[in-house]
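I opened my notebook to look up a few things in this structure. Here is the model I was working from.

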Amino acid sequence: MNGTTANGRVVTSSTQNGSGNVEKKEHLYKILVIGELGTGKTSIIKRYVHQFFSQHYRATIGVDFALKVLNWDADTLIRLQLWDIAGQERFGNMTRVYYKEAVGAFVVFDVTRASTFEAVSKWKNDLDSKVQLTDGAPVPCVLLANKCDQAKEGLVNNTAQMDEFCKDKGFVGWYETSAKENINIDEAARFLVTRILEKDRAMLLGEERQDKDRVVLDRPAHAQPQKKLSCC
């Protein structure tokens with residue numbers, strides 16, 4: 001049996017096929033990749049999805065998409081729909097449309113350009129104002145300090161301060177990444193998906209508790225059964 005939940009999560013319930021084997025539960029998660037122009041968002045997605053890197057990418061215009069399929073465990077298949085939001089979109093009205101139904105996000109900055117880190121807070125605030133989970137909580141968001149194979153500028157050189165910054169701004173974590181050298185791309189994605197799954201399970205448990213607490217009456221206690229009228 002298939003069902004679609006709010007925030008774009010599609011869950012396929014376990015069923016038995018003809019041979020009696022239990023099929024995998026499937027989840028479809030929409031994940032945003034946002035940040036300033038030229039921070040390497042497209043390169044990160046290409047590396048993660050296709051294991052490919054190029055020095056020559058044209059700037060994304062509007063939004064682009066990629067799909068990553070993960071055999072998460074013996075019982076779970078996860079499809080990640082990665083939305084590559086153009087840096088020049090900034091905080092325009094269209095971002096609300098792009099963000100709709102997302103359940104997770106990466107905010108990316110370039111460690112070689114401190115100005116891209118200065119914009120991180122604006123991207124996170126914009127994200128939180130335009131999309132929330134069904135329980136009203138912010139979507140899990142991971143900060144990526146990209147191009148870590150090059151000389152770094154600013155706060156990223158101080159791990160303790162970066163930890164404090166992420167805690168203060170509501171990021172669930174941060175990673176130094178390099179699409180070129182394939183550093184921490186898979187690890188960051190796995191961490192984000194783990195947090196999304198935790199949120200999913202917590203919300204499902206909450207819904208189950210609500211269902212148990214909810215008493216459904218066939219008829220209000222004060223209602224009287226209708227009398228049948230006889231015809232003359």
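I began with Ala 145, whose bridge partner in strand 8 is Glu 176. The chain crosses from strand 7 through helix 5 (residues 159-169) to strand 8, and I noted this β-α-β crossover as right-handed (with the strands pointing away from the viewer, the path from the first strand over the helix to the second runs clockwise). Strand 7 (residues 141-146) and strand 8 (residues 173-177) pair in the parallel sense, over five bridges; pairing needs at least two DSSP bridges.

A note on the source: this is a predicted model, where local features need pLDDT of at least 70, side-chain atom pairs count only at pLDDT 80 or more, and totals for chains, interfaces and linings use all residues. Residues are numbered from 1 along each chain as its sequence is written, and side-chain values use heavy atoms, with hydrogens and water left out.

**Whole protein**

I listed six helices and eight strands, taken as DSSP runs numbered from the N terminus (helices H or I, at least four residues; strands E, at least two). Buried residues make up 41% of the 232 residues; buried means under 20% relative accessible area (1.4 Å probe, protein chains only).

I found Ala 119 in the loop between helix 3 (114-118) and helix 4 (120-130). Ala 119 is buried, at a relative accessible area of 7%. The buried residues of helix 4 include Trp 123 and Leu 127. I saw the buried residues of helix 4 pack against strand 3 (25-35), helix 2 (94-99), strand 6 (104-110), helix 3, strand 7 and helix 5, with contact meaning heavy atoms within 4.5 Å.

Definitions and conventions. Buried < 20%, exposed > 50% of the residue type's maximum accessible area, 1.4 Å probe, protein only.
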